[in-house]
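Dear colleague,

Here is the structure I said I would pass on. My notes on it follow below.

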Amino acid sequence: MGKQYDAVIIGSGHNGLIAAAYLAKGGKKVLVLERRHIVGGCTITEEVFPGFIYSVLAYVVGMMRSEIVRELELEKHGYDIIPIESNFSPLPDGNYLHFTEDEEENRRQISRFSKRDADAHLEFNQLMTRLAEFVHPTFSMVPPDPRSFRPRDLRKLLRLGKRFRALGEDSFSLAKLMTMSSLDFAERYFESDVMKALTSCGGVIGTFLGISSPGTAYVLLHHHIGEVDVGSEWGIPRKGMGTVSGAIAGAAREFGAEIHTEAPVSKILVRNGATTGVVLESGEEIRAKAVASSVDPKHTFLKLLDPGDVPPEFLKKIQKYKIRGASAKVNFALDGLPNFTCRPGDGPHMKGFFNIAPSTDYLECAYLEAKYGSFSSRPYLECVIPSMVDPSLAPPGKHVMFVSARYTPFTLKDTHWNEQREAFGDAVVDTLSEYAPNLKDIILHRQVLTPWDFQEEYGLTDGNIFHGDLAAEQIFMMRPVPGWAQYRMPVHRLYLCGSGAHPGGGVMGAPGRLAALEMLKDFKSGRL
């Protein structure tokens, strides 16, 4: 390569690509380095089995910032999301809940279990929308430093204080969300166990915590943010998640960024307390005025930097950073559709999410098995059959089904994932078959990805899909650690632009955009 760059981006996940696009749009000479053969990180599409197109890891978009879609003109590059408007939950007694965009129908559905819950559901959704509207602007802002007396930080803190005061009674609900468990929060509104379960399970996505664990209620709100952002609906990317990263990469290249695959970074170069570039595993050195890492904080500081190059106190905080994976993924190629006992045949319920989370006890048991070192024998499952809304993903009459499964500890007691991978896949199939008995007969192929695979193949430390827990002590002004939430790291000219930075995980792109904008400010001011 032998070139001098303004910025090198480590990793071509969607955040890294977004950072590159904004920097290149700002006139900077940018290089993105990706260790794998394909661009996209966790937002990739691969034809794992002939004719079947998989969104191998991430499989839905629901939090992408509308300003990114607009500012990078992603739709021009193929960004196209098919909205999901259905959420189906089969139950073991032959009953079910099916939520759609029709609020009156949703009310009738819930009334079959509890009339009080039907009223409370509207109240709950209205509250979550109001709180999401409060939090939503913070996803597009650099967190203030509460220790700083700089006017811009003081102004941000003052504006946040005024907005918090304007919440009125809702401010108490927000405070509770930040500290309560998702189950405790759900119990404030619902009396039927099925509504408690279906509400609280949203609080454990991407975390190794149970529905009764304090702090999980915030994750409910985190995933509600996309619903208040116009143009940011939850949906399936047409032709798979690779079109998301492909659109961003297309925009970045159009602005002048270079993207190199099969170029794994082995070390971030540091001289006199400042980065000077990176070294590839091949031994090649690439010089740059700035380096931005879109990989997780632990990988960045514990594997890519020499310990002596990082301030000891910061290093201790990174070592204690919570990044426990709890999810696995099973991707299926099917010869037909699952036939649910509670609702046989094709229908609208097959065109969105379907969840296996039938009771609070079920969810608690799934967590406890993993807590003590085993994968959940009857896991909590979130499933989608994207070929129902995008037939291009499978041959005619066939389907692909993606299943995100919890709980799966990164380290198994007395065994290893290489020995248990298929046994876990069997547990997922057995669990789904309790509700759709024909499933085993229609499976053509399956791909089982464990937390170990997430780390070894895709670079996610401990298999954590969010680059770190969305715990109260690891969000906003404290992400990744207190004092370093403004994307600039304690090693001069090193930036963090992945999901380990504010505002965290999900296919939203905000960390990449905000980090790049701060870097452009530093270029303009002469800091870089």
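The chain has 17 helices and 18 strands in this predicted model. Its radius of gyration is 23 Å, close to the 24 Å that the globule rule gives for 528 residues, so the chain is as compact as a globular protein of that length. Along the principal axes, the C-alpha atoms fill a box of roughly 65 × 55 × 50 Å. Of the 528 residues, 62% count as buried. The accessible surface comes to about 20300 Å², and carbon and sulfur atoms hold 52% of that. Among contacts with a separation of 6 or more, 73% are between residues 24 or more positions apart.

On the interior: in soluble globular proteins, nonpolar side chains tend to be buried together. The largest nonpolar core here has 76 residues, and Y54, F185 and L221 touch the most other members. Helix α4 (residues 115–135) gives the most to this core, with nine residues. A second, separate core holds 71 residues, including V32, L74, V507 and L514. Beyond its neighbours within four places in sequence, Y54 is in contact with residues that include I44, F49, F332, V400, F402 and H445.

On salt bridges: the whole structure has 28 of them.

- E457 and R36 form one, with the closest N and O atoms 3.2 Å apart. E457 lies in helix α16 (residues 451–458) and R36 in the loop between β2 and β3, so the pair ties together parts that are 421 residues apart in sequence. E457 is partly exposed at 38% relative accessible area, while R36 counts as buried at 9%.
- D469 and R324 form another, at 2.8 Å between the closest N and O atoms. Both lie in loops, D469 between α16 and β18 and R324 between α12 and β13, so this pair ties together parts that are 145 residues apart in sequence. D469 is buried, with a relative accessible area of 2%, and R324 is partly exposed, at 33%.
- D119 and R107 meet at 2.4 Å, N to O. D119 is in helix α4 and R107 in helix α3 (residues 103–111), so the parts tied together are 12 residues apart in sequence. D119 is partly exposed at 41%, and R107 is partly exposed at 34%.

There is also a network of salt bridges that links R488, E518, K521, D522 and R527.

The 17 residues of α14 (residues 417–433) should span 24 Å at 1.5 Å a residue, and the end C-alpha atoms are 23 Å apart, which agrees. Buried residues in α14 include W417, R421, F424 and V428.

Regards

Key: Residues numbered from 1 in each chain as written. Predicted model: local features only at pLDDT ≥ 70, side-chain atom pairs only at ≥ 80, totals over all residues. Heavy atoms only, no water. Helix = DSSP H or I, 4+ residues; strand = E, 2+ residues; numbered from the N terminus. Expected span 1.5 Å × (residues − 1). Buried < 20%, exposed > 50% of the residue type's maximum accessible area, 1.4 Å probe, protein only. Core = buried A, V, L, I, M, F, W, Y, C linked by side-chain atoms within 4.5 Å. Contact = heavy atoms within 4.5 Å. Rg over C-alpha atoms; globule rule 2.2 N^0.38 Å. Areas by Shrake-Rupley, 256 points an atom, 1.4 Å probe, with all protein chains shown as cover. Salt bridge = Lys/Arg side-chain N within 4 Å of Asp/Glu carboxyl O.
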